[in-house]
Amino acid sequence: MGDLESTAARIDLLFARRWPDGYRGANTMVADFVSRRLKRQIDRQTVYRLRSGRVRKFDVAVLESIAAFFDESLDYFSGTTSAAGAKETEPELEQLLRDRGFALAGQTSRKPLSEQSKRELMRVLDEARLLLDGTGNG
């Protein structure tokens, strides 16, 4: 896979992780965030073209802003770091929530949970599970 295709695939992966079932307003949400951050207009079509590989030249500031929206570093796009930890933790967290009948009620942040927040939430859910199952100390 070439650099352009790889970058587009990495951008699209961020969207897929954040919205596994898709979200019609995702491109607009990210475009609004990038526009505010850069203080210049970036429209949803630009974000779509970045995701689909239709852009031939990537603006580093735009990529950096997209990375910031998803709580990633710019290095994520170069392949020197990966979001592997996020990919492993998120499904585990989602599975735990489903298995235990929990939901993230009231989460209104536009940004996904950070890796530290996910780990902390999993720890709290594990403790809650132990208490509910009657096997915890307390």
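I started with R40, which forms a salt bridge with D59, the closest N and O atoms being 2.5 Å apart. I count a salt bridge when a side-chain nitrogen of Lys or Arg is within 4 Å of a carboxyl oxygen of Asp or Glu. The pair links distant parts of the chain: R40 sits in the loop between α2 and α3, D59 in the loop between α3 and α4, 19 residues apart. I took helices (H or I, at least four residues) and strands (E, at least two) as DSSP runs, numbered from the N terminus.

I noted the basis of the work. This is a predicted model, where local features need pLDDT of at least 70, side-chain atom pairs count only at pLDDT 80 or more, and totals for chains, interfaces and linings use all residues. Residues are numbered from 1 along each chain as its sequence is written, and side-chain values use heavy atoms, with hydrogens and water left out.

**Exposure of the pair**

I looked up the accessible areas next. R40 is partly exposed, with a relative accessible area of 38%. D59 is partly exposed too, at 32%. My classes are buried (under 20% relative accessible area), exposed (over 50%) and partly exposed in between, with a 1.4 Å probe and protein chains only.

**The other salt bridges**

How many salt bridges does the structure hold? I found three.

The side chains of R51 and D12 meet in one of them, at 2.8 Å, N to O. R51 is in helix α3 and D12 in helix α1 (residues 3–18), 39 residues apart, and this pair links distant parts of the chain. R51 is partly exposed at 22% relative accessible area. D12 is partly exposed at 32%.

E72 and R17 also meet through their side chains, at 3.2 Å, N to O. E72 lies in the loop between α4 and α5 and R17 in helix α1, so the pair ties together parts that are 55 residues apart in sequence. Are E72 and R17 buried or exposed? I have both as buried.

**α2 against α3**

I then checked a helix pair. Helix α2 (residues 26–38) and helix α3 (residues 44–52) pack at about 110 degrees, with axes 8 Å apart. The axes are lines fitted to C-alpha atoms, for helices over the stretch in contact, and angles run from 0 to 180 degrees between N-to-C directions. That angle makes α2 roughly perpendicular (65 to 115 degrees) to α3.

I listed the contact (heavy atoms within 4.5 Å). From α2 come N27, T28, V30 and A31; from α3 come R44, V47, Y48 and R51. These residues divide into four nonpolar, two polar and two charged.

**Positive phi**

Most residues other than glycine have a negative phi. I looked for departures. K39 has phi near 55 degrees, a positive value in a residue other than glycine. K39 is found in the loop between α2 and α3. It is exposed, at 74% relative accessible area.

D71 has a positive phi of about 60 degrees, and D71 is not a glycine. I placed D71 in the loop between α4 (60–69) and α5 (75–78). D71 is partly exposed, at 39% relative accessible area.

**Whole-chain figures**

The protein has seven helices and zero strands. Buried residues make up 30% of its 138 residues. Of the contacts with a separation of 6 or more, 63% come from residues 24 or more positions apart.

Note on methods
Angles under 35 degrees count as roughly parallel, over 145 as roughly antiparallel, 65 to 115 as roughly perpendicular and the rest as oblique. Ala, Val, Leu, Ile, Met, Phe, Trp, Tyr, Cys and Pro count as nonpolar, Asp, Glu, Lys and Arg as charged, and the others, Gly among them, as polar.
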